[in-house]
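Dear colleague,

I am passing on a structure for you to look over, and my notes on it follow below. Please read them alongside the model itself.

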Amino acid sequence: MTFYVESETDKTLPFDVEEVADKVIIETLDSENCPYEVSVNVLLTDNEGIHAMNHQYRGIDRPTDVLSFPNVDYENPADFTGIEDTIEDYFDPENGELCLGDIVISVEKVYEQSEEYGHSLMREYAFLIAHSMLHLLGYDHMAPEEATVMEQKQEEILNRLGITRKE
């Protein structure tokens, strides 16, 4: 697996963001039985940066906590059937990895929401990585039944890693 964490903000988190992202990404991929080596990019930004992206790409004029930019079009969430048929669209020709997409996180929102929800910064960050990874794997939460599935999967991933709300 290849993943990159890039930061364009001066605000930092008091733990190894790459290590936490690595654990959550791997657990998410394992839980969804991903048969490929993958690449994922993570960008840490501030409210101003994510606000601009949210406005540009979603037409929503406010900051958000996380944005997901999936590269793969799934027939059904985490259904890898037929992906190799479009190898030129989804796989890196140099290393053969499935390019899942990009995750953008507002570090300011991590601080705000960890305080609002009463859990650690690491738990909030890990939650946002898990949430976004599920989006990169084709899950969504627009309909109530979709939201229920995503919420359950997010909690299972974090619980298996021991990253609980009490963390």
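The largest share of the lining of the largest pocket, 4 residues, comes from strand E3, where strands are DSSP runs of E with at least two residues and helices are runs of H or I with at least four, both numbered from the N terminus. This is a predicted model, in which local features need pLDDT of at least 70 and side-chain atom pairs count only at pLDDT 80 or more, while totals for chains, interfaces and linings use all residues. Residues are numbered from 1 along each chain as its sequence is written, and side-chain values use heavy atoms, with hydrogens and water left out.

Helix H2 (47–58), strand E3 (66–70) and helix H5 (121–136) each supply at least two residues of this lining. Of the 15 lining residues, Arg-58, Val-66, Leu-67, His-135 and His-141 lie nearest the centre of the pocket (on a 1 Å grid over the protein atoms alone, a pocket is an open set of points where a 1.4 Å probe fits, with protein on both sides within 12 Å along at least five of seven lines; lining residues have an atom within 4 Å of a point).

Asn-54 is found in helix H2 and is buried, with a relative accessible area of 0% (buried means under 20%, exposed over 50%, partly exposed in between, with a 1.4 Å probe and protein chains only). Beyond four places away in sequence, Asn-54 touches Gly-59, Ile-60, Arg-62, Pro-63, Thr-64 and Leu-67, contact meaning heavy atoms within 4.5 Å. Asp-10, by contrast, counts as exposed at 80% relative accessibility.
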